[in-house]
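Subject: Structure for your review

Dear colleague,

I am handing over the structure we discussed, and my notes on it follow below. Please read them with the coordinates open beside you.

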Amino acid sequence: MYATDPFINELDDLLAGICLKLQITPTQHKLAEDRYISVSKWLSDKSSHFYIANSDIYPQGSLRLGTTVKPLVNQEYDLDLVCEMGLDWNNFDPIQVLDAVESRLKENDSYSKILERKNRCLRLNYANEFHMDVLPAAPDTVRNHGCIKVPDRKAEEWKESNPKGYAEWFERQANQFGEVLAKAKVEPLPDPEDPRGKSTLKYIVQLLKRSRDVAFENDEEVAPISIVLTTLAGMYYRGILSINEAFAYTLHSLTNEISANDTRIVVRNPANQDEDLSERWDNNHKAYNEFVKWVNELSDTWKKLNIVRGPELVKMLQELFGEKVTNDVIKERAEIISRARKEDSLGITKSGLLTTSLASGITQVRPNNFYGD
Amino acid sequence: MAIWTGYLRPTDISDNYLVKFQYAKSEFPKVWVLSPQLRKREGEKRIPHTYKHDRLCLFYPRAREWSSDMLIADTIIPWTSLWLFYYEIWYTTGEWLGDGIHPTKEDNDFRDILNEGNSNVGDKRSRKG
């Protein structure tokens, strides 16, 4: 229970269900972890000529943040691994570093077959599962605090990044109201069987990314990028526990921020204020205008979604997040009712609501067979 | 004959349905949804588990799941709520997940009697309600 309104509680369950269906499964997560350990072992093998001391390999992005969303088109998750090498970037040409990592990966038969060269990384394409981007990096010993330099092939220079600092900021935002939560636990008690087990902010990010994927399915090149959406969600998150209410609040804050600015909004990297994550909007007004249009529409849709009920509500969820994922969640919920019905443990409250608990005041639903075609 | 109406909402995110119940002695209870109006899916001719005029088929008469000594509140009303639950899922996903029995030819003869409002099981010559 996160809200006192039973409608919101149930909508929250649906939304959480949609997110859980979209994120990487525990099996896939384990597989990704195994693969990433193998890659890091290969890259940090002491016997190889590539060996560089003090290397550190860690995930970044949605895998690290817990905000993965299954892509619409090829259905392969996009997972990022940072390979931070203990070298002084000043002494190396960025392209040389990319090439060195590439040739080391090529020495392994299983990697060479699935290797693809990208601008800032080397991609390993694990067909039908995910692709793993290996991003070479070097520590930024001036800035420190997780700051790294990453080679950029096109620009032929080292660029700044800070995936660890970003993840720390995100987790802080996600858990900033931990104290409030702990107090709230005294009374009334939140559901101890919380199937969600993760911060509401992470669900907000997943819902934003998914609705972006659906809305821009045929217009991908102008779609707002995930890091921008993740940062905006983190910036506006105020610790609201209900997914529905937090999502509405995020959209409300975002539309206000957009309309209060004559020029485009600037989304800075919280771990590096000098980095404008939304710089792409400078040269691509269409992309910014499409983003604004999308946010405003989503905000209006969400208000409407909170008024409608029944099939109308489900239809809106299908349109926003995809028909299949929505239907899968709906059918899973039906399965709970059907199971209780088969086990003669389905009940009905005085007001006619179905329930799987047969507490006092609840009438048991007697066995019946719907008849007819 | 008794007729009464009431609201039913099978789950907290469901529509709130105004339902009409009609019950006369020696007849099976009859149930219709008054509002919001039940809808067929695009391209489909009918709503599953309904009789003529979208009257709900809530139980299998031949199995005697319902008998006149049962309270409507303990049977017909919970079954209506359950029917509405599966109806909403059918309408949105295209699948009826509430199971049920599909009529055989023999059943269809039987249903003709039901549609005429007579519950006198198996006796076609019985009076019309």
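Over all chains, the structure holds 30 salt bridges, a salt bridge being a side-chain nitrogen of Lys or Arg within 4 Å of a carboxyl oxygen of Asp or Glu. One of them joins the side chains of A:Asp45 and A:Arg104, at 3.7 Å from N to O. Because A:Asp45 lies in the loop between helix H2 (26–43) and strand S1 (56–60) of chain A, while A:Arg104 belongs to helix H4 (residues 94–106) of chain A, the pair ties together parts that are 59 residues apart in sequence. Helices (H or I, at least four residues) and strands (E, at least two) are DSSP runs, numbered from the N terminus.

Before going further, please note that this is a predicted model, in which local features need pLDDT of at least 70 and side-chain atom pairs count only at pLDDT 80 or more, whereas totals for chains, interfaces and linings use all residues. Residues are numbered from 1 along each chain as its sequence is written, chains are lettered from A and ligands numbered from 1 in the order in which they are written, and side-chain values use heavy atoms, with hydrogens and water left out.

Turning to the interface, 38 residues of chain A are in contact with 50 residues of chain B, contact meaning heavy atoms within 4.5 Å. The area buried between chain A and chain B is about 3,700 Å², of which carbon and sulfur atoms give 58%; buried area is the accessible area (1.4 Å probe) that two parts lose on being put together, summed over both. The rule finds 2 salt bridges across this interface, and A:Glu312 forms a salt bridge with B:Arg39, with the closest N and O atoms 3.8 Å apart. On the side of chain A that touches chain B, the elements that give two or more residues are helix H1 (6–22), helix H13 (311–321), helix H14 (323–342) and strand S12 (363–364) of chain A. The most is given by H14(A), with 9 residues.

Chain B has an open sheet of 3 strands in the order S1-S2-S3, with antiparallel pairing, where two strands pair if DSSP finds at least two bridges between them. Strand S1 (2–8) and strand S3 (30–35) of chain B stand at the edges with a single partner strand each, so one side of each is left without a neighbour in the sheet. From one strand to the next the twist averages 25 degrees; for such values, axes are lines fitted to C-alpha atoms, for helices over the stretch in contact, and angles run from 0 to 180 degrees between N-to-C directions. S1(B) and strand S2 (residues 17–23) of chain B run antiparallel and are joined by 7 bridges, and B:Ile3 has B:Gln22 in S2(B) as its bridge partner. Helix H1 (residues 76–93) of chain B packs on the sheet, touching S1, S2 and S3 of chain B, and its direction makes about 140 degrees with that of S2(B).

In chain A, 3 strands form an open sheet in the order S11-S10-S12, again with antiparallel pairing. Its edge strands are strand S11 (354–355) and S12 of chain A, each of which pairs on one side only. Strand S10 (residues 347–348) of chain A pairs with S12(A) over 2 bridges, and the bridge partner of A:Ile348 in S12(A) is A:Thr363.

Two backbone details remain. A cis peptide bond joins B:Ser35 and B:Pro36, with omega about -15 degrees, and B:Pro36 is in the loop between S3 and H1 of chain B.

With best wishes
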